[in-house]
Amino acid sequence: MTAAKGEEGRDRWASRFAFITAAVGSAVGLGNLWRFPYLCYSYGGGAFFIPFLLALFFLGIPMLTTEFALGQVYQGGHALAFSRVNKRMVGVGYSAPWGSIMTSSYYTAIIAYALVYLVNCFKADMPWTTKTEEIQRCMEAVTEDQCLAIGACTFSATEGCKQALVARASAFFEDSVLNMSPPDSPPTTLVWGLVVAIVVVWCCVYFSIFQGPSITGYVVYVTMTLPFLLLIALMAVGLSLPGSGMGIKAYIGEWDVKSLTETPQVWSDAVGQVFFSIGVCWGIMTAYASYNKTNQNVAQDAVIVAIADFVVAFLCGFAVFAILGYLANQAGLAFDEMPAGGMGLAFQTYPVGLAQIPGVGAQILCALFFLTLFLLGI
């Protein structure tokens with residue numbers, strides 16, 4: 001498969017399918033895996049779909065259609081397209097790529113975290129593992145010395161010995177991966193393991209795009225289809241585990257419609273999730289569409305990309321909350337005691353949940369999970 005050339009000598013996607021796959025791959029990212037499911041859980045379960053779908057169809061898809069149209073009609077990226085609309089709008093065109101650069105500066109670091117975790121999955125004892133036997137021992141400990149000696153517990157004078165489900169995972173993330181300094185001391189040195197991982201990530205990004213659509217068309221077939229297959233595998237395993245139903249119920253089993261009126265922030269969070277997830281206002285979709293033929297159906301493409309992004313986010317919720325339900329079941333905890341959002345979900349709670357699976361299955365599934373994170377980020 002090689003990219004075709006337009007009449008002006010501009011590269012073209014090899015096919016419409018290649019463009020749609022690239023656009024979906026750009027839209028689907030880490031926010032689908034850890035932010036969308038957490039927002040559903042936080043804002044009334046399935047009730048969150050109401051503001052999200054309204055924002056998707058009335059704001060997201062029209063914006064995405066506009067960006068596709070700008071790229072196709074003017075055959076250039078954001079800056080060129082806006083300057084041709086009106087020369088005074090060239091600043092708007094440049095602001096989007098600048099925002100993308102700023103976002104990439106920390107997004108690559110998050111992908112690097114996933115790469116570090118992926119390497120650690122092949123150790124005999126994964127460093128974030130907390131066994132449910134240790135959690136039971138926390139509940140049985142009486143004195144502070146007995147409690148702290150277990151390594152998976154915290155002790156306080158008022159509450160006694162309590163399980164710290166992700167204590168070991170948190171310690172690994174903060175001390176080994178990030179090498180965080182104490183709060184009252186200045187940063188000390190570069191974390192060379194992360195430096196190497198970030199360089200690897202940037203090299204992967206460069207070699208994914210340096211020849212334009214001729215190489216990107218190949219790359220997205222891997223970085224989009226493989227994570228989807230891995231996600232299906234994680235979901236299937238998670239749904240087969242005891243206690244997974246508890247997690248699924250927390251995810252979409254309850255429809256607390258009152259949250260839509262009692263918590264106004266749900267509407268802004270829904271809009272923010274739509275804009276960040278489908279990738280509008282970053283200039284990426286405009287650039288991708290500029291390699292299309294000028295008469296391609298942009299409205300149809302926008303609907304396909306937006307719906308595909310939503311479907312992946314929806315499935316991610318099952319993969320995530322099934323494992324969280326299993327972990328809560330194994331630990332004997334109520335689900336609302338589980339840490340369920342943000343980077344802590346991806347790098348602490350979820351790996352601990354996968355580590356509870358007996359045998360080598362834990363290492364295999366952890367490796368698949370962090371490979372999925374890495375490919376989604378790329």
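This note goes through some local features of a predicted model.

1. Salt bridges. The structure holds two salt bridges. One of them joins Asp301 and Arg16, whose closest N and O atoms are 2.6 Å apart. Asp301 sits in helix α15 and Arg16 in helix α1 (residues 16–27), so this pair links distant parts of the chain, 285 residues apart. Asp301 is buried, with a relative accessible area of 0%, whereas Arg16 is partly exposed at 31%.

2. The other pair. Asp269 forms a salt bridge with Arg35, and here the closest N and O atoms are 4.0 Å apart. Because Asp269 lies in helix α13 and Arg35 in helix α2 (residues 30–42), the pair ties together parts that are 234 residues apart in sequence. Asp269 counts as buried, at 13% relative accessibility; Arg35, with a relative accessible area of 30%, is partly exposed.

3. Nonpolar surface patch. A nonpolar patch on the surface is formed by Ile50, Leu54, Phe57, Phe58, Leu59, Trp255, Val257, Trp267, Val303, Ile307 and Val311. Together these residues have about 990 Å² of accessible area. The elements giving two or more residues to the patch are α3 (49–74) and α15 (298–331). Helix α3 gives the most, with five residues.

4. Phe58 is found in helix α3. Its relative accessible area is 63%, and because exposed means over 50%, Phe58 counts as exposed.

5. Helix packing. Helix α5 (residues 90–120) packs with helix α17 (residues 361–377) at an angle of about 155 degrees, and their axes are 9 Å apart. Angles over 145 degrees count as roughly antiparallel, and α5 and α17 are therefore roughly antiparallel to each other. The crossing in which α5 passes α17 is left-handed.

6. Backbone at Asn179. Asn179 is not a glycine, yet it has a positive phi of about 50 degrees. This residue lies in the loop between α8 (167–177) and α9 (192–209). Its relative accessibility is 36%, so Asn179 counts as partly exposed.

7. Backbone at Cys281. A positive phi also occurs at Cys281, about 75 degrees, although Cys281 is not a glycine. Cys281 is placed in the loop between α13 (265–278) and α14 (284–289). With 38% relative accessibility, Cys281 counts as partly exposed.

Methods: Residues numbered from 1 in each chain as written. Predicted model: local features only at pLDDT ≥ 70, side-chain atom pairs only at ≥ 80, totals over all residues. Heavy atoms only, no water. Patch = residues over 30% accessible without salt bridge, like charges linked within 9 Å, V, L, I, M, F, W, Y side chains within 5 Å. Areas by Shrake-Rupley, 256 points an atom, 1.4 Å probe, with all protein chains shown as cover. Salt bridge = Lys/Arg side-chain N within 4 Å of Asp/Glu carboxyl O. Helix = DSSP H or I, 4+ residues; strand = E, 2+ residues; numbered from the N terminus. Buried < 20%, exposed > 50% of the residue type's maximum accessible area, 1.4 Å probe, protein only. Axes fitted to C-alpha atoms, helices over the stretch in contact; angles between N-to-C directions. Parallel < 35°, antiparallel > 145°, perpendicular 65-115°, else oblique. Left-handed = near helix turned anticlockwise from the far one by under 90°.
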